[in-house]
There are 2 protein chains.
Amino acid sequence: MKREATTNYSEDYSIISDRMRNTKPSFIREILKVTENPETISFAGGLPNPISFPKEELKESMNRIVEQYGDKVFQYSTTEGFRPLREWIANRYKEQYHLSVDADDIIITTGSQQGLDLMGKILINKGDKVCIEKPGYLGAIQAFSLYEPEFLAIPLLEDGIDLELLEETLENNEVKLLYTVPNFQNPTGLTYSKEKREKLCALLERYHTVLIEDDPYSDLAFEQESLPYIGAEKLVNSVLFGSISKIITPGLRLGWICTKNAEILKQVIVAKQASDLHSNIFSQYLIYDYLIHNDLGKHIDAIRKLYKQQSDAMLLATEKYFPKEVKVTIPKGGMFMWAELPKGMSSAVLFEMALKENVAFVPGNPFYTEEGEVNTLRLNYTNSDATMIEEGIKRLGRAISRCAI
Amino acid sequence: MKREATTNYSEDYSIISDRMRNTKPSFIREILKVTENPETISFAGGLPNPISFPKEELKESMNRIVEQYGDKVFQYSTTEGFRPLREWIANRYKEQYHLSVDADDIIITTGSQQGLDLMGKILINKGDKVCIEKPGYLGAIQAFSLYEPEFLAIPLLEDGIDLELLEETLENNEVKLLYTVPNFQNPTGLTYSKEKREKLCALLERYHTVLIEDDPYSDLAFEQESLPYIGAEKLVNSVLFGSISKIITPGLRLGWICTKNAEILKQVIVAKQASDLHSNIFSQYLIYDYLIHNDLGKHIDAIRKLYKQQSDAMLLATEKYFPKEVKVTIPKGGMFMWAELPKGMSSAVLFEMALKENVAFVPGNPFYTEEGEVNTLRLNYTNSDATMIEEGIKRLGRAISRCAI
């Protein structure tokens, strides 16, 4: 029985799965392409400043691990990841957050993005209801979308997700999971308050909702104090994500899943083996060696200090150059600021204007699960120096004024 | 509305997706665990001999790329992969196989295993019919299983897949895709003849069936001649996989997808971005630098020569120690030999016997899409020296004899 097929060489769309047909092409990819012009000051990407890459120290570690471990750094390895690295991560949680996790509770992933894909794989049936912040992290929206859930987006307020609306949603729907970025959220830069964390935990426990806490940014706090996690160790169905991408290097694609839920761990291992067998083992040895031979805390302090300066520069510039009607969030850490344009103004239209002024950002659209015009946008401050930030925001302010006319 | 949930801390199976419930736990994982005993001679894994890891050359390249490219080797990068590496791969296909592919037709993946996951994601709807060799590569069975196809396994004969049965199957079913390892197949070591390749190509074209040719082993031919690919450049819906795992290092998890089908390329990029953003960029620079500064052909010749010796040693040992009734394939390249025990003998039972003799292999079971006892098994010869091979096959011969009583 012949498959029905189009004959055009490059467009046999009939072979493509339904899950892909329902996926929007990546908006941000297209945006990053148009911002490649070297004249353009880009606040669009989410790139860490290269100061966070300890090049010389990593070079030392590379040479050391080849000497010390030989063939092992190049051979196939275990799906769970390099055990000493998993131990190191568990110990850090013990020290920083007093969590009683150990190496067995950690699985190394190919970046946190793979963690998202794996959680989608092991949890989401087509049509399952998934709560996410509105606006929410676009990488999570993309990863989960391929498992065809029904998204229920819950507004994010200054101190965290809207609990009243969430409770109503949990009451009226069988919700499988809530995905959240509790610290210096992507895209808004907002952080959940201690009180909201506690109430959210109690709420999720009551409804047996799975919680994914994605935390790549907590180390980038401008002030030292870090808040306890929402569900880690408290909720049965709770998963915590971590990553080295923002504090050492994103290029090696190393993150991890931390959970004490044995069923989730078991399923994640099966799904990960089917996805890429294991994460790059050379890189796992490399990062482990770097961590035991260097002072990570000191390294992170330098990144924090720089990002605080850059965030301050951007905040100051928005005060100076943005029309009064534009609201911005005030970051206390992380990599992003979120701006709200006057009602009715389209950030997609502004984007076109801004490109003419040689400045770029990410229009809010990909951070929402619904289609439609939005008046919000994300600004990244970590990959431009203070002078570029001032100049870029000046140009953007000009574009906003021209848009308003 | 509360989700129904079990209350046991570690066993809340109710949250797990259907696709995982239908997936068998990884058989081979369990096997590899029991073979960790240092007294055991293991022919179970599929590990390359460490001779294939050019450690010193890679160390030189590491230092060079950090010097030469600086921050770029540690920063986020593009989903498609490092362009010069993609060009290098395309050029090699041009030179070796006269394929007219270029860098745009290559997407770097996190090992070929990720290629399998991505193809499953973009092609397979639940219930879609997928043809695979019987026995077939277990990594493909695992990866595709998560997209819930109906497998139609077609026997693999000495010279390739059974064409008559395949044609009958294509005629009676709407088959979405055929997955094949045409050179030194995993698990059997068998290679498709030139004639069979041509006929298969014509057949698949007639039925518009998507073809995945997975080719990690062609460089490991004991004799030089390599046969043309089955569908690459000939079939519209054709995808070719390649990998550095067997010729440089598997630990860096680098493979690639090669296709001239623009729709497949587009979808793979969207799916890959959702899966891990991009593959480890440091490793892509590293391998590119290694490739342009070293003679890969010479390096591969040394691996071939060694594997030929090891394969010969295993063949000789099976002649000496296996009962006459046991049939084995005669490898002309690759990493595996396939053995067929007398009818009625169970390779799972033999496995238990063999462990007592301190020798291990992979029973045939995970290479079949159906459950049930089998009398076949896979033997790997690349990761043991000739002496160990002789001793291991001697032990295995003893176990077979005891099994037959």
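Visitor: Is A:Glu233 buried, partly exposed or exposed, and what is its relative accessibility?
Guide: Happy to start there, and please keep in mind that this is a predicted model. A:Glu233 sits in the loop between strand 7 (210-214) and strand 8 (238-243) of chain A. Its phi is near 75°, a positive value in a residue other than glycine. Buried would need under 20% and exposed over 50%. A:Glu233 therefore counts as partly exposed, at 33% relative accessibility.

Visitor: Is B:Glu148 buried or exposed?
Guide: B:Glu148 also has a positive phi, near 55°, in a residue other than glycine. Its place is in the loop between helix 6 and strand 4 (150-157) of chain B. The relative accessible area of B:Glu148 is 17%, so the residue is buried.

Visitor: Which residue does A:Lys59 meet in a salt bridge?
Guide: Good one to look up in the structure! The side chains meet at 2.2 Å, N to O, and the partner is B:Glu67.

Visitor: How many salt bridges does the rule find across the interface of chain B and chain A?
Guide: Side chains of opposite charge can pair when their charged atoms come close. One pair here is B:Lys59 with A:Glu67, at 2.2 Å from N to O. Across the interface of chain B and chain A, the rule finds six.

Visitor: Which helix gives the most to the side of chain B that touches chain A?
Guide: Between chain B and chain A, 43 residue pairs are in polar contact. On the side of chain B that touches chain A, the residues divide into 40 nonpolar, 31 polar and 23 charged. With 11 residues, the helix that gives the most to this side is helix 9 (residues 262-276) of chain B.

Visitor: What area do chain B and chain A bury between them?
Guide: The size of an interface is often given as the accessible area lost when the parts come together. Here 94 residues of chain B are in contact with 95 residues of chain A. Of the buried area, 57% is on carbon and sulfur atoms, and the total is about 8700 Å².

Visitor: How many residues apart in sequence are the parts that A:Glu357 and A:Arg398 tie together?
Guide: These two form a salt bridge, with the closest N and O atoms 3.1 Å apart. A:Glu357 lies in the loop between helix 12 (347-356) and strand 12 (359-360) of chain A, and A:Arg398 in helix 13 (residues 386-404), so the parts they tie together are 41 residues apart in sequence.

Visitor: Which residue does a cis peptide bond join to A:Asn186?
Guide: Look in the loop between strand 6 (175-180) and helix 8 (194-207) of chain A. The omega of this bond is about 20°, and the residue joined to A:Asn186 is A:Pro187.

Visitor: What is the radius of gyration of chain A?
Guide: Chain A has 13 helices and 14 strands, and its C-alpha atoms fill a box of roughly 60 × 60 × 55 Å along the principal axes. A compact globule with 405 residues would have a radius of gyration near 22 Å, which agrees with the value for chain A, 22 Å.

Notes: Residues numbered from 1 in each chain as written. Chains lettered and ligands numbered in written order. Predicted model: local features only at pLDDT ≥ 70, side-chain atom pairs only at ≥ 80, totals over all residues. Heavy atoms only, no water. Contact = heavy atoms within 4.5 Å. Buried area = accessible area lost by both parts, 1.4 Å probe. Salt bridge = Lys/Arg side-chain N within 4 Å of Asp/Glu carboxyl O. Polar contact = N/O pair within 3.5 Å; in protein donor to acceptor, adjacent residues only side chain to side chain. Helix = DSSP H or I, 4+ residues; strand = E, 2+ residues; numbered from the N terminus. Nonpolar A, V, L, I, M, F, W, Y, C, P; charged D, E, K, R; others polar. Rg over C-alpha atoms; globule rule 2.2 N^0.38 Å. Buried < 20%, exposed > 50% of the residue type's maximum accessible area, 1.4 Å probe, protein only.
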